[in-house]
Amino acid sequence: MQEQLQLTTLRQLTASVTLARNAAGMEFLVVKRQESEAIISLFGAHVLHYAPAGESPWLWLSKDAILDGSRGIRGGIPLCWPWFGPAPARVGAGKPQHGFARSMHWQLDGINDLQESTLLHMSLHASDESRAIWPHNFTLELDICISNELTLLLNSINTDSTSWCYSGALHTYFESVATEQVHIDGIGAIYADKLQQGKQCEEQAFALTGPVDRVYLHPEHQVLLRTGTTDLLLDNHNADSIVVWNPWHQGAAGMVDFDNEGWKTMICVETAITAADGVEVAPDEQHLLGVTIKRNG
Ligand SMILES: O=P(O)(O)OC[C@H]1O[C@@H](O)[C@H](O)[C@@H](O)[C@@H]1O
């Protein structure tokens, strides 16, 4: 993966973490531990890669992902915030899909290199740039915990004098062996089908046989994803829904950063808050959205 990204090491930050840069000048944290490895971009606080040592990656990254900071990265775990999907009416027209957190530079606040895990603490603060898109003050904190499992905790803190609402997602792209090998349990049967203008549908067992863009409305806390190589458990924290997305070949062809064959070996299972009004956060209050991805059994 480090080769695909063509990273040059800048310096060792801790025993497990090095700072690296690609040819476009983007900075990355490369985590190498005894039991696992990960790569995180400071642009978007974006986890691009996670794999248990010696095993195939759990996350999918498009071969055509654009890694120059001009747009969000296709693959890994983009952070959709402070809204999911097209900007809601309360925000106004002409705002970026999935918000702005995935396409801004984040601050690295600290690294805790522990024997059982490596913790990365990152944050994004309101700025003139963010207020031009969303006129509120906030601090967004992301804690990433890397061990034999991967945890992301996204904490939305209201530093403003009035309440605001947010929605969003930990928009995880998983690597799979082939579409027919993907099985998902625990998402429930009821979903809003974004391919049918949000029509509410019901399907008892999920099968990936064509394009899907679905918001599962009554998921269980724990979702089981079978990718063909690994059975993964997703422990979702405070999500009101799970989004499942695969654009299939027609959809992928319409995206410059989605490699032509990539749709065959990916599935997005997203830990999301999609309610139209989102979650209200009062001044000085905070709200956590999180996921732990781990091997089943
Ligand atoms: O191209 P983007 O902005 O990264 O979005 C990718 C997809 O993200 C999914 O979460 C949405 O449900 C889809 O509708 C969308 O197409």
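## The nonpolar core

The largest nonpolar core of this predicted model has 79 residues. The residues with the most contacts inside this core are Ile-40, Val-47, Leu-59, Phe-174, Ile-242, Val-244 and Val-269. Strand S21 (residues 266-273) gives the most to the core, with six residues. A nonpolar core here is a set of buried Ala, Val, Leu, Ile, Met, Phe, Trp, Tyr and Cys residues joined through C-beta atoms within 7 Å. A residue is buried if 20 or more other C-beta atoms lie within 10 Å of its own, exposed if 12 or fewer, and partly exposed in between, with C-beta atoms placed from the backbone. Strands (E, at least two residues) are DSSP runs, numbered from the N terminus.

Two notes on reading the model follow. Residues are numbered from 1 along each chain as its sequence is written. The model is predicted: local features need pLDDT of at least 70, side-chain atom pairs count only at pLDDT 80 or more, and totals for chains, interfaces and linings use all residues.

## Strands S4 and S5

Strand S4 (residues 36-41) and S5 run antiparallel and are joined by six bridges. Two strands pair if DSSP finds at least two bridges between them. Ile-39 has His-49 in S5 as its bridge partner. The hairpin of S4 and S5 has four residues between the strands, and Gly-44 there takes a positive phi near 85°. Strand S5 (residues 46-52) is largely enclosed by the rest of the structure, because five of its seven residues are buried.

Leu-48 lies in strand S5. Is Leu-48 buried or exposed? Leu-48 counts as buried, with 24 C-beta neighbours inside 10 Å. Leu-48 touches Ile-39, Ile-40, Ser-41, Leu-61, Ile-73, Gly-75 and Gly-76, leaving aside residues up to four places away in sequence. Contact means that the C-beta atoms of two residues, placed from the backbone, lie within 7 Å. Leu-48 and Val-223 are 175 residues apart along the chain, and their C-alpha atoms are separated by 21 Å.

Strands of a sheet pair through backbone hydrogen bonds, either parallel or antiparallel. An open sheet of eight strands has antiparallel pairing here, in the order S7-S8-S9-S10-S23-S19-S18-S14. Which strands stand at the edges? They are strand S7 (107-113) and strand S14 (183-185). Each has a single partner strand, so one side of each is left without a neighbour in the sheet. From one strand to the next, the twist averages 15°. Axes for such angles are lines fitted to C-alpha atoms, for helices over the stretch in contact, and angles run from 0 to 180 degrees between N-to-C directions.

Strand S10 (residues 150-158) and strand S23 (residues 286-295) run antiparallel, joined by eight bridges. Asn-155 stands opposite Leu-288 in S23.

Strand S15 (residues 190-193) pairs with strand S16 (residues 199-202) in the antiparallel sense, over four bridges. Lys-199 in S16 is the bridge partner of Asp-193. Gln-197 is exposed, with 7 other C-beta atoms within 10 Å.

Glu-203 comes in the loop between S16 and strand S17 (212-216). Glu-203 is partly exposed, because 14 other C-beta atoms lie within 10 Å. The C-alpha atoms of Glu-203 and Ile-190 are separated by 6.7 Å, and the two residues are 13 apart along the chain.

## Backbone details

Asn-238 is another residue with a positive phi, about 70°, although it is not a glycine. Asn-238 is found in the loop between strand S19 (231-237) and strand S20 (241-246). Asn-238 is partly exposed, with 15 other C-beta atoms within 10 Å.

A cis peptide bond joins Trp-81 and Pro-82, with omega about 5°. Pro-82 is in the loop between strand S6 (79-80) and S7.

## Around the ligand

Which residues are around the ligand? They are Gly-85, Gln-97, His-98, His-171, Lys-194, Asp-213, Val-243, Trp-245 and Glu-270. A residue is near a molecule if its C-beta atom, placed from the backbone, lies within 6 Å of it. The shell has two nonpolar, four polar and three charged residues. In these classes, Ala, Val, Leu, Ile, Met, Phe, Trp, Tyr, Cys and Pro count as nonpolar, Asp, Glu, Lys and Arg as charged, and the others, Gly among them, as polar.
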